[in-house]
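Reader: I am new to this structure and would like to go through it slowly, one question at a time. Could we begin once it is in view?

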Amino acid sequence: MTNIVVANSGTSAATVLIQLNGLAIIPNTSIPANGIFTLDIAQVMDAGNTIHVQGSTTTCSYFISGVEVTA
């Protein structure tokens with residue numbers, strides 16, 4: 001995984017929680033109205049690992065990017 005972008009298209013502030021394998025790496029961080037939060041990260045994910053992104057409102061959406069490497 002190389003980055004996560006969370007957008008808040010609402011007219012009021014929201015919060016986002018991001019967890020990797022159940023561990024909160026971004027705990028309830030504020031995103032302003034019509035704003036974005038960007039996390040640039042270099043994290044190797046193995047099969048079965050999980051990413052959980054939860055916004056405090058339905059106006060939050062997210063995009064996760066990365067590179068898949070196969071042997």
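Reader: Does Asn8 count as buried or exposed?
Author: In this predicted model, where local features need pLDDT of at least 70, side-chain atom pairs count only at pLDDT 80 or more, and totals for chains, interfaces and linings use all residues, Asn8 is found in strand β1, strands being DSSP runs of E of at least two residues, numbered from the N terminus. Residues are numbered from 1 along each chain as its sequence is written, and side-chain values use heavy atoms, with hydrogens and water left out. Buried means under 20% relative accessible area, exposed over 50%, and partly exposed in between (1.4 Å probe, protein chains only). Asn8 has 1% relative accessibility and therefore counts as buried.

Reader: Which residue's backbone nitrogen does the side chain of Asn8 reach?
Author: A polar contact is a pair of N or O atoms within 3.5 Å, where, within protein, one must be able to donate a hydrogen and the other to accept it, and residues adjacent in sequence count only if both atoms are side-chain atoms. A polar atom of the Asn8 side chain lies 3.0 Å from the backbone oxygen of Ser12. The backbone nitrogen that this side chain reaches, at 3.0 Å, belongs to Gly10.

Technical notes. Helix = DSSP H or I, 4+ residues; strand = E, 2+ residues; numbered from the N terminus.
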